[in-house]
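Reader: I am new to this structure and should like to learn how to read it. May we go through it step by step?

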Amino acid sequence: MQTTESALKTRWFWYSIVTVIGWAGWALFLKLGSEEIPSDASLFLQTAGMVPLALVLLFNRAARGTKDKKGIVYSLLNGAITGLGILSLLAAYRSGGNTAVVSVTSSLYPLVTFALALVVLHEKLTKKQILGVVLATVSIVLFSL
Amino acid sequence: MPQVAPWLIYTLIALVSFGIAGLLQKLSTDRVSAESAVIWLVVGFVILEPLVYPGSALRHYSNRSIAFVLLAGILNAAGTWTVLAAMRNGGKASVVVPMTAVYPMVVCVIAPLVLHEPITLVQGAGIACGLGAIFLLAS
């Protein structure tokens, strides 16, 4: 309990909560727009919607001062690989994959990140946090059904 | 040798790609600011734009639907910025990624108001698990 309280005082926790709210808005607007617009065109327009924020951030001092090449390559790869994932997902739906199976399977990506973070970044989690990962996975699966 | 269905291959590529993306978010924000990481991530997205360019079909969609999807893009970018900021500010990839992946929980709460869709029993269980996950991951 004490540790949860201290997490409430950390920036990363609140940034994560804001992310949850932001992505919920993303999913809602996407649902409203996708009633008419197919997935490919939607991805094209979504990216167009992402560009203004990137342009605004160009004026940020911390962003302009970045010179770490590895960091830039990781960020670029992050964008490209996320795009690849989305394109693969669209291809899976088009190739006759059962919507529920494809959705549930692809939504399990936090488990892949979790495993990679343990192996590559040597991150260590408490037993409670591991249980949290399990609960988050159950939650994600339930929402994908 | 049994043939693997193409949809399964595509699904697994998506699964692994999204999983690696979570790792790359942490690797990038260990070295650059969240703002810089967002800029380069969007560049990575833009590179793929020609592959999904819908051509003249764009003209046939209503302004309302286009506005919704553009807004979705803005919120996606904002969410991506804050998830990168979470990692930049000490959040572990193995904690932040599962925690932020429960965002459908908020959708389920808002959907009855916006989309007039009732919350099902399964979704209710999902919300309970999602809240429990956030509590435990924050410990």
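The dialogue below moves from the single chains to the contact between them.

Author: Please keep in mind from the start that this is a predicted model.

Reader: How many helices and strands does chain A have?

Author: One begins by listing the secondary structure elements. Chain A has 8 helices and 0 strands, and along the sequence its pattern reads α-α-α-α-α-α-α-α. Along the principal axes, its C-alpha atoms fill a box of roughly 50 × 40 × 30 Å.

Reader: Which domains does the assignment give for chain A, and which for chain B?

Author: A domain assignment divides a chain into stretches of residues. For chain A the assignment gives domain 1 (1-36), domain 2 (39-97) and domain 3 (98-145). The C-alpha centres of domain 1 and domain 2 of chain A are separated by 19 Å. Chain B is assigned domain 1 (6-91) and domain 2 (102-139), and their C-alpha centres lie 23 Å apart.

Reader: How does the span of α5(A) agree with its 26 residues?

Author: The test is to set an expected span beside the distance between the helix ends. At 1.5 Å a residue, the 26 residues of α5(A) should span 38 Å, and the end C-alpha atoms are 37 Å apart, which agrees. After α5(A) comes A:G96, which has a positive phi, near 90°.

Reader: How many residues does each chain bring to the contact?

Author: The size of an interface is often given as the accessible area lost when the parts come together. Here the residues are counted instead: 102 from chain A and 100 from chain B. On the side of chain B that touches chain A, the elements giving two or more residues include α1 (6-29), α4 (63-88) and α7 (121-137) of chain B. The most comes from α1(B), with 20 residues. By class, this side of chain B has 70 nonpolar, 25 polar and 5 charged residues.

Reader: At what angle do helix α5 of chain A and helix α2 of chain B pack?

Author: For a pair of helices, one reads the angle and the distance between the axes. Helix α5 (residues 69-94) of chain A packs against helix α2 (residues 34-47) of chain B at about 45°, and their axes are 7 Å apart. This angle makes α5(A) oblique to α2(B), and the crossing is right-handed. Among the residues that meet are A:I72, A:L76 and A:G83 in α5(A), and B:W40, B:F45 and B:I47 in α2(B). By class, this contact has 11 nonpolar, 6 polar and no charged residues.

Reader: Are α2(A) and α4(B) roughly parallel or roughly antiparallel?

Author: Angles over 145 degrees count as roughly antiparallel. Helix α2 (residues 11-33) of chain A and α4(B) pack at about 165°, with axes 7 Å apart, which makes α2(A) roughly antiparallel to α4(B). Their crossing is left-handed. The contact of α2(A) with α4(B) has 17 nonpolar, 9 polar and no charged residues.

Reader: Which residues make the contact of α8(A) and α7(B)?

Author: Once more, the axes come before the residues. Those of helix α8 (residues 127-144) of chain A and α7(B) come within 7 Å and cross at roughly 155°. The two helices α8(A) and α7(B) are therefore roughly antiparallel to each other, and α8(A) passes α7(B) in a left-handed crossing. The contact includes A:K128, A:L135 and A:F143 of α8(A), and B:V122, B:C129 and B:L137 of α7(B). By class, there are 12 nonpolar, 7 polar and 1 charged residues in this contact.

Notes. Residues numbered from 1 in each chain as written. Chains lettered and ligands numbered in written order. Predicted model: local features only at pLDDT ≥ 70, side-chain atom pairs only at ≥ 80, totals over all residues. Axes fitted to C-alpha atoms, helices over the stretch in contact; angles between N-to-C directions. Helix = DSSP H or I, 4+ residues; strand = E, 2+ residues; numbered from the N terminus. Parallel < 35°, antiparallel > 145°, perpendicular 65-115°, else oblique. Left-handed = near helix turned anticlockwise from the far one by under 90°. Contact = placed C-beta atoms within 7 Å. Nonpolar A, V, L, I, M, F, W, Y, C, P; charged D, E, K, R; others polar. Expected span 1.5 Å × (residues − 1).
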